[in-house]
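Subject: Structure handover

Hello,

Here is the structure for your files. My notes on a pocket and a helix pair follow below.

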Amino acid sequence: MTDFLIGRQQILDRHLDTFAYEILFRGKDFDLSLKDGAANATNQVITDTLLEIGLNELVGPHKAFINFTTQNILDKTPLHLPKERIVIEVLESVAIDDNIVANLKELSQLGYTIALDDFVLSPEWLPLLEFADIIKLDVMADGLDGTRQLIEQLKPYKLKLLAEKVETHQEFETLREWGCELFQGFFFSKPNIVEGKRLGVSQTAAIQLLSTVNKADASFAEIGKIISQDVGMSFKLLHYLNSAFFGLPQKIESIQHAIACLGLVEIKRWVNILALSSMSGKPSSVLQNVLIRAKMCELIARELKDDQEHYFLIGMLSGLDSLLDMPATKVLEQLPLTEDVDDAILKYRGNAGEALQFCIAYERWEPGLSTFRDINPERIANIYLESIDWWATRILPFLAA
């Protein structure tokens, strides 16, 4: 297989629930600045997504936004893809002419969803507005004033507006008020800090649980006692451990029984996740990103033959600021963490800190991304996909219990 990196970025609705994912691709054999290179890159995304990986594994039940070039549209490449699962994203670099308009209109009539990327209102693009479904507005490039002006100009058309590169919660709230229905950017993974905000009772209890679980001398009895005092958490943990996934020889009857069967390391992991899910009122998209990041850190540690649990914990705790809407320093000072854990999360120091920094860069698809240490790109791509699969098959059922 050709070495490639594949990623995805969430597209959220007005309630910050996942609407779709944009599929992202990088491969060393393609020059995306060239016409043929960009078209081949899209074809490679399709091949890797559908044949090598599987669309369901990458995006679950959601739609996949896939970038299509001029040549892809002329070749009617989208016809190879299921219309109910993809969105044809027409790049701003596409040269609009009668053939392009005719092909896109035909695809629309066949039931495909059409999105216009980084849209600028210009005469050649006007015919597409008659049948396009989604317009992507580049908030960073146009600024809020320019974006608002474009929104007003697009009101006569029956379109969904997707604001991309949204960086703050204030921008999200403003754009939602102006009529945008879909959103893409890192605003949802950053804390919306309100000065003087007090922790609610459930959050306080969850932080107490996190503190206990992550003590060096944490005991079975101590962990079991805290969980047993919360009916909801006890139910979730026991329901999950009794699932067929674990294939345990007997049913779990108590928290203490669960610990005895699975061991302290595994129980500590699930309790950490349980505490995270209990302490935040944020949409599941935030927790999803944090836990996929944590799993990716763990799998990188395995490749480096380093401490997997240590890397997982650092990846997981790196998202506490977003989950609790508190500065990371204030959250971490409430937990009995060693200095190297704090430094890894706050300053990206040490091997685990560098791995965390890489994983954050990967999920944000930052420029210059290739690989980490001597791990080859194909393995990095597989690590990311394994982390997504872990979330979908192991964690989501656990949290939904």
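**The second largest pocket**

H11 gives the most to the lining of the second largest pocket, with five residues. This is a predicted model, in which local features need pLDDT of at least 70 and side-chain atom pairs count only at pLDDT 80 or more, while totals for chains, interfaces and linings use all residues. Residues are numbered from 1 along each chain as its sequence is written, and side-chain values use heavy atoms, with hydrogens and water left out.

Helix H11 (264-279) and helix H13 (308-317) each supply at least two residues of this lining; helices are DSSP runs (H or I, at least four residues), numbered from the N terminus. In total, 17 residues line the pocket, and Asn 214, Lys 268, Glu 309, His 310 and Leu 313 lie nearest its centre. A pocket here is an open set of points on a 1 Å grid over the protein atoms alone, where a 1.4 Å probe fits, with protein on both sides within 12 Å along at least five of seven lines; lining residues have an atom within 4 Å of a point.

The space in the pocket is about 360 Å³, taken as the volume filled by probe spheres set on the points, which are joined across faces, edges and corners.

**Helices H5 and H6**

The axes (lines fitted to C-alpha atoms over the stretch in contact, with angles from 0 to 180 degrees between N-to-C directions) of H5 (residues 139-154) and H6 (residues 169-178) come within 11 Å and cross at roughly 25°. H5 is therefore roughly parallel to H6, a term for angles under 35 degrees.

Regards

Key: Parallel < 35°, antiparallel > 145°, perpendicular 65-115°, else oblique.
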